[in-house]
Amino acid sequence: MQRQVALVKQSLFDQGYLDEQFMELEDLQDDANPNFVEEVATLYFKDSARLINNIDQALERGSFDFNRLDSYMHQFKGSSTSIGASKVKTECTMFREYCRAGNAEGCLRTFQQLKKEHATLRKKLEHYFQMARQAGPKETARRPK
Amino acid sequence: MTRDIAEDVPNLAESKLTALVVDDNFVNQSIHHKLLDRLGIQNDVVCNGKEAVDVHCSGRNYDFILMDMDMPVMNGIQATKTLREMGIECKIAGVTTRADEGEKKEFMEAGLNDFQEKPLTISKLLSILHKLNFYVQT
């Protein structure tokens, strides 16, 4: 089971969904906080859902306040970078470039892609964490406090 | 994929360092808090520059502060300036995703002792502590 968990995780990196920062977070897990990464991921998805909602509402209003949109996306990119959400981070970067260029169509298009990547990552991480919980703690990887 | 778990992460609990995390982002708050915990550094967390100023006005003080730049209510630049004007001399390390040289310069000139780009990692945090003379890197 541990091997299956490792393979699922490897695929997330190989397919570019996650980067090195995710491993930095895993290194912080210890006996006191064995589910630290899952807790941070939960925080991330809660926070990013709020930001997606804010951006959706701003775009639906039709008035493109590029400064406000860029500000939302700056926060989104920050969280995504901190958790190692590589593909989401890339879309955030592109969205911000379109904001700076005042390109409304580019913003709309990129935002749709960003939402897709975000939803995919969420699904894949939920699956990974579920498998990891079923597999139990990895004795060799656990840090003593 | 294999990864060596860094068993040589130092425990600085004996030095009884204290830190204040100033960041409006809950994900970053959680990560920075945990990073400091891992190094044995007691730490508090506040959500913006004004709360950082308020906590010092209440009489609390810390060995160092990890200050985010972009925050609502009061940003990191203003908070750093205000703390220095209040006579708070503790070390302040700016942490931000912004890499623009102009913005970095403005942040440093507000009164920082060091600056690191997010995301923070154990090695970046150790680099900060080394720069602030709290830790000798070998």
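Predicted model: local features only at pLDDT ≥ 70, side-chain atom pairs only at ≥ 80, totals over all residues.
User: Just after H4(B), which residue takes a positive phi?

Analyst: Residues are numbered from 1 along each chain as its sequence is written, and chains are lettered from A and ligands numbered from 1 in the order in which they are written. Helices (H or I, at least four residues) and strands (E, at least two) are DSSP runs, numbered from the N terminus. Just past H4(B), the residue with a positive phi, about 130°, is B:Gly111.

User: And at the start of that helix, which backbone nitrogen does a side-chain oxygen of B:Asp100 reach?

Analyst: The helix in question is H4 of chain B, residues 101-109. At its start, a side-chain oxygen of B:Asp100 comes to within 3.0 Å of the backbone nitrogen of B:Gly102.

User: Which residue has a positive phi although it is not a glycine?

Analyst: Most residues other than glycine have a negative phi. Look in the segment before S1 of chain B. There, with a phi of about 50°, sits B:Lys16.

User: What is omega at the cis peptide bond that joins B:Lys118 and B:Pro119?

Analyst: B:Pro119 is in the loop between strand S5 (114-117) and helix H5 (122-131) of chain B. The bond from B:Lys118 to B:Pro119 is cis, and its omega is about 5°.

User: In what sense do S1 and S2 of chain B pair, parallel or antiparallel?

Analyst: Strands pair if DSSP finds at least two bridges between them, and S1 (residues 18-22) and S2 (residues 42-46) of chain B have five. The chain gets from S1(B) to S2(B) through helix H1 (residues 26-38), in a β-α-β crossover that is right-handed (clockwise from the first strand over the helix to the second, with the strands pointing away from the viewer). B:Val22 has B:Val46 as its bridge partner in S2(B). The sense of the S1-S2 pairing is parallel.

User: Which residue forms a salt bridge with A:Glu38?

Analyst: A salt bridge here is a side-chain nitrogen of Lys or Arg within 4 Å of a carboxyl oxygen of Asp or Glu, and the count over all chains is 17. For A:Glu38, the closest N and O atoms are 2.7 Å apart. This pair links helix H3 with helix H6 (residues 104-135) of chain A, 95 residues apart. The partner is A:Arg133.

User: How many salt bridges are there between chain A and chain B?

Analyst: In contact (heavy atoms within 4.5 Å) are 26 residues of chain A and 22 of chain B. One of the salt bridges has B:Arg38 and A:Asp30 as partners, with the closest N and O atoms 3.1 Å apart. On the chain A side, H4(A) gives the most, with six residues. The count of salt bridges between chain A and chain B is two.

How values were computed:
Heavy atoms only, no water. Polar contact = N/O pair within 3.5 Å; in protein donor to acceptor, adjacent residues only side chain to side chain.
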